Amino acid sequence: MTTRTASTRGTLLLDRGIGPLLVLPATVLVIVFLVGPFYYMMYTATTDLSFADASRNGNFIGLDNFRKLMRDDPLFWDSFLLTLKFVVLAVSIEFLLGFALAFLIFKFVARQRLLTTLLLIPMMIAPVAVGLIWRLLLQGDFGMVTYYMRKVGLLSQNAAVLSSPDLVFPAIVAIDVWQWTPFVTLVMLAGLMSLPRSPIEAAMMDGAGPLRIFLDVMLPLLKPIIALVLLLRGIDAFKEFDKVFIMTGGGPGTLTELVSIYAYRVNFRNWDLGYGAAVAFMVYLVVLILCSIFYKAIYWSANRPTPLGGHS
Amino acid sequence: MGIVFEGVSKIFPDGTAALHGLDLAFETGEFIVLLGPSGSGKTTACRVLAGLENPTGGRILVGGRDITALPPRLRGIGMVFQNYALYSHKSVFENIAYPLRVRKIPRAEIERSVKAMADLLQIGRYLHRKPGQLSGGQAQRVAVARALVWQPDICLMDEPLSNLDALLRLHMRTELKRLHRELRKTFVFVTHDQEEAMTLATRVAVLRDGELVQFDTPQTVYRKPASRFVAEFMGRPAMNTFDGSVAGGKFRAASFEWAVPGLPDGPITLGIRPEQIELVDASATDSVAFEVDVVEHVEPDMLIFARRGASNLIVRAPNGRRGPEHGALLHLRFPPDALHAFDSKTGKRLP
Amino acid sequence: MDRPASRPWIAFAWAVLAVAVVIALTPYLWIVLASFKNRVDLFASIPKWTFTPTLANYPAVFIGKDYWPLAINSLIISTSSTALCILIGAPAAYVFARMDFPGKEDLFFFFLTTRMAPPISIAVPLFLFFTALGLIDTIYAVVIAHTSFNLSLVVWMMRGFFADIPREIDEAAVMDGRSRLGAFLFIVVPLAAPGIAATAVLCFILSWNEFLYAFILVAFEGRPLTVGIPGLVTPHGTLWGQVAAVAIVATLPIVVFTFIVQRQLVRGLTFGAVKG
């Protein structure tokens, strides 16, 4: 019954011809400025286009760029693996910390507005500003954090975090954690708050203690939201560019050269646009895969079976 | 061994007072129904007994032991929730088995208990399903099975039938009564439906604004309601009531008089149930005439809505003969032993 | 649910949360302080928490180094791309919320993928494209880029807000004699106004904070603040007080906005999947 009325309602709107008219501008804009470039990138990836070498003016070379990428470019694979390491480390720490904080807020704080808003600041300010703030804090001669790290013996007198080969990668992970843990906290808190009360109370009546209630009832109900958070953060972390670029520029050496920074270097420092397009395509591909998983997760969470009549 | 509420109060953080010093005591094995309109505190009373809410005053004893400070899991009480509250990610079997798993009962015994309870409730065929694949009635049975499988001494039910359709509700009602007879546990059942209370309870506790108004067998609550509120709440259609005053053995309402020998002078509210009003011939001397407004046929009876001046009443009569026309005069008699008198200020029953 | 908790636990929880807030806020607080420090206080090898504040950094960089046009650029880019996004995106979102047509969900997913696209992958062809159009190094290029990538967010977020409004409302308006478009403009849009406002603010924030597209598309003319700040950092002798001053101007509006839209933020940042 309901589906039938829904579709007749739909056609009522369609009949007037307004529907397509209303979606058209958005679709056109996106196709021209996002999809068009995507295909142009795929095309460029099959050419030898380079702004640095006049003889390479866009001749078609088939899959040579991809062949080179796969076989003869250790720098690409280094940056790719480094990015994966960055994503896994940063996102898992953010998740554990963020969830723990969300749980504490949920359990113990009655008026959450002010607290969560304060926690939000790191993730809302521009990533460029985040990069600069931490560059100042970690500055070798007068950085505030540098000073206190030296004081407690975490850092030797003449070393600086961002130029130390041992510390620079942990540092960019830590700063990503600083910036994005609040996001996990916020979303998980929303998830906890929307949990239906009655299954939890039912578990209390069934004799479960706090730990079992958490593991047996809350965690399964939160699964879709957990999947969402992990994927969203995973996609974003994989694309990370701004703050690492500002803080280290990928250095020292290539120790923090994430794959998007590598792609930037190939394209806009070496001006090797054909090959750069191939690199950019690889980044896009990974994101697209993560993205389609994310989409499934959204539908999973939208259509998840709720406990019968469960309400919050 | 009994269950005792001793001056239990509950004021919520937002200032709402749900219970005002509730005193209530009943025995093991009873089928107690907490009855009242919404906001009467019946659900709060149930949740306080469950341990889901902490009372702000008073204490609760079970078998002489003070359980007020105990968490729910240590109280030995099972509960059926209004929306069933099944674990949507677990199978029906695992839902029912959960209280046993939590108590680390051996596997074989869990298997046996769940099967037995499922058979008792006729859900043996659905054990492998997920709650999302069950009908309302089946989900209801699973919830009952889960609440009872671990043999708690007390089983609480918070409006368990209100989400079922009418026919299923009648069916489950009978089923619950049978279950109570077979298991001999204490059932505490919360409802706003007076018919459920009448049919299920060994004793009914009527609550209003967080206070106990009457606590007695359904028959007594119906026949000797402790107040005008109880009188109008129990029985459908509700009891007819008239405000007026007594002078010299005569009750005088806005538009009619009736002899009430033995009642002291002063303002009272007089009540009579619709089915106890007698229809008499026009020739009868001790009768009062009302004008018919609307007639509803609720087979096998009919409800006659009638008025006389500012006074309205409902008569329930067998539908044997043809119904009176709109505007016809109806001659009514109020048998003396069917009359209830209530204090016009406090609403309390006058003896 | 009653949440009885023992005192030590409450104390522990608040201690942890206090530490979290301190860690989250101190870095930002430090750069606020830095923007009011003179050179001596800034370069002190022992961090100075108290000092005599100076306002000199702000005029020095915004007027002395001519950075105020960058702030104006940021404002123009964010405002116009937000306005465009809402104008184009809200009607599309309404259609997605109210209609069924074949391929609808696919088209919807397609919008999502455009949002998720890594800027670095799109930036190269966009760079070539705008070069060909002669728009490179102009503010228009950035506005268009920001509008396209924020559009999907608007569509996703607004669909949720429109879906929250019962269909019967627009149907009643149609029965009362309005056209469908009229029902949308005069009945649905006012009802969804809080949601539209929240979406707009989030769009503004994301555009204001964006770096990579702007960095690649404009080198000098039309630079927003985010692209301008890194230019102040040099290998030697960076004037950190001025960097801090620009950073404050570039972040303060956002901090204020965050307080305003906090409630809708979760929804926006999870593409409507989680209602905050």
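From the N terminus on, in what order do the elements of chain C run? They run α-α-α-α-α-α-α-α-α-α-α-α-α, and chain C accordingly has 13 helices and 0 strands, where helices (H or I, at least four residues) and strands (E, at least two) are DSSP runs numbered from the N terminus. This is a predicted model, in which local features need pLDDT of at least 70 and side-chain atom pairs count only at pLDDT 80 or more, while totals for chains, interfaces and linings use all residues. Residues are numbered from 1 along each chain as its sequence is written, and chains are lettered from A and ligands numbered from 1 in the order in which they are written.

The C-alpha atoms of chain C fill a box of roughly 70 × 70 × 30 Å along the principal axes. Of its 276 residues, 48% count as buried, that is, with 20 or more other C-beta atoms, placed from the backbone, within 10 Å of their own.

A nonpolar core joins buried Ala, Val, Leu, Ile, Met, Phe, Trp, Tyr and Cys residues through C-beta atoms within 7 Å. The largest one has 176 residues, and V246(C) is among the members that touch the most others; helix 7 (residues 139-164) of chain C gives the largest share of this core, 16 residues.

Turning to the neighbouring chain, 84 residues of chain C are in contact with 87 residues of chain A, contact meaning C-beta atoms, placed from the backbone, within 7 Å. On the side of chain C that touches chain A, helix 1 (residues 7-34) of chain C supplies the largest share, 14 residues.

Notes
A residue is buried if 20 or more other C-beta atoms lie within 10 Å of its own, exposed if 12 or fewer, and partly exposed in between; C-beta atoms are placed from the backbone. Two residues are in contact if their C-beta atoms, placed from the backbone, lie within 7 Å.
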